[in-house]
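Here's a quick briefing to keep beside the viewer.

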Amino acid sequence: MSPAGPGAGRGPDAGNVSSSGVGASSFGSVGDNATFKWELKRPLRHVAWLPVSAWLVIAATIVFAVFAVAQWPGGPQIQYVWFYVLAALTLLAAGAAALYPAGRTGQIRDAAQQAADTRRRRMVRAFLVGAAALCSGGGALAWVDVDRTGEVGVEMTIRGTQPVDDTGGTLTVVMTPPASGEVRDKLRLTLTIKDNDPNAPTCVGRTTATITAVTPGITPHNSEVPAQSTVDFDLGGREGAVRFEVAVRPETGCSMRLTQARGTLHND
């Protein structure tokens, strides 16, 4: 008697396993020539790419928003309007694309109508994904533009003897050198001069001052201003500290104090 080999008694399909349908295949020890077949009812590109793209846009927007908050350049909120609007539109459009139904839940009368409805829904979802991607990119560019050229506050230091009586006096206002990423072309300087004694009759309306740019290259060189004023100075490309002298001239019998010097760097 001849011993039977490992494959003896097996037909042409012995040891071959075919698995079909939608779902995960099961792998195991089923023979020497096990074959697994995966069959989808429709191509993968029609199943996943649109909703996956929508979720990727949402994820990218959230990641950039976290980065933007961590690196927030400061300045007035009005300059971030486009960033806020475009970020909101991105999330709305991408969310609608991700949740938009691929087909009707009810029964469609014929195959042609079903195919037309599927194409229409796919086009709507593709439009939403494209709009979300454009809004996301636009929002990022809007934030970058503010970060590079938008308004940013800068520290101003007041030095000198206060209060200033009716004989007048000169104070010094110094702008701290801005960080490398916050250098701008112009400085908006806002001065607030108030009464030294808030209980006495006010002299604010009768007090004037002269702002003189001590640092070379700053224009205008001199500015005559009231007690509460804002002046724009062109920094002439200067990136370091800037010094101003403020000559305060109170009315007779008045005693005044320079209480605030607020600086805003900008390009416009």
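Predicted model: local features only at pLDDT ≥ 70, side-chain atom pairs only at ≥ 80, totals over all residues.

Residues are numbered from 1 along each chain as its sequence is written, and side-chain values use heavy atoms, with hydrogens and water left out. The protein has 3 helices and 9 strands, and along the sequence they come in the order α-α-α-β-β-β-β-β-β-β-β-β. Helices (H or I, at least four residues) and strands (E, at least two) are DSSP runs, numbered from the N terminus.

**Confidence**

- The average pLDDT (the predictor's confidence in each residue, from 0 to 100) is 82 for the protein, and 79% of the residues score at least 70.
- Residues 1-41 are the stretch to watch: pLDDT stays under 50 there, and the model has 27 contacts beyond four places in sequence for them. Contact here means heavy atoms within 4.5 Å.

**Overall build**

- Of the 268 residues in the protein, 30% are buried. Buried means under 20% relative accessible area, exposed over 50%, and partly exposed in between (1.4 Å probe, protein chains only).
- The accessible surface comes to about 16,300 Å², with 57% of it belonging to carbon and sulfur atoms. Those areas come from the Shrake-Rupley method with a 1.4 Å probe, and for residues only the protein chains shown count as cover.
- Taking contacts between residues at least 6 apart in sequence, 69% join residues at least 24 apart.

**Helix α2**

- Helix α2 covers residues 81-99. Its 19 residues reach 27 Å from the first C-alpha to the last, close to the 27 Å expected at 1.5 Å a residue; the expected span is 1.5 Å times one less than the number of residues.
- The buried residues of α2 are F83, L86, T90, A93, A94, G95, A97 and A98.
- Why does G95 count as buried? Because its relative accessibility is 19%.
- G95 and V57 are 38 residues apart along the chain, and their C-alpha atoms are separated by 9.3 Å.

**Aromatic rings**

- The structure holds 10 aromatic pairs. Rings of Phe, Tyr and Trp (its six-membered ring) pair if their centres lie within 6.5 Å; planes under 30 degrees apart count as stacked, over 60 as edge-to-face and the rest as tilted.
- One of the pairs is W72 with Y84, which is stacked at 6.3 Å centre to centre with 15° between the planes. That pair links distant parts of the chain, 12 residues apart: W72 sits in the loop between α1 (44-70) and α2, while Y84 is in helix α2.
- Both partners are partly exposed: W72 has a relative accessible area of 28%, and Y84 is at 38% relative accessibility.
- Ring pairs also tie F64, F67, W72, Y80, F83, Y84 and W143 into a cluster.

**Strand β4 and its partners**

- Strand β4 (residues 186-195) is mostly covered, with 7 of its 10 residues buried.
- Two strands pair if DSSP finds at least two bridges between them. β4 runs antiparallel to strand β7 (residues 228-234), with 7 bridges joining them; across that pairing, L189 stands opposite V231.
- β4 also runs antiparallel to strand β9 (residues 256-266), this time with 10 bridges. Here K194 has R257 as its bridge partner, and T192 has Q260.

**More on β9**

- Strand β1 (residues 152-154) joins β9 too, through 3 bridges and in antiparallel fashion. V154 is bridged to G263 in β9.
- Is Q260 buried or partly exposed? Q260 is partly exposed, because its relative accessible area is 36%.
- Leaving aside neighbours within four places in sequence, Q260 is in contact with I158, T190, L191 and T192. Q260 and L191 are 69 residues apart in sequence and 5.8 Å apart in space, C-alpha to C-alpha.

**S223 in β6**

- S223 is in strand β6 (residues 222-226), and S223 is buried, with a relative accessible area of 11%.
- Beyond neighbours within four places in sequence, S223 is in contact with A209, T210, I211, V231 and F233.
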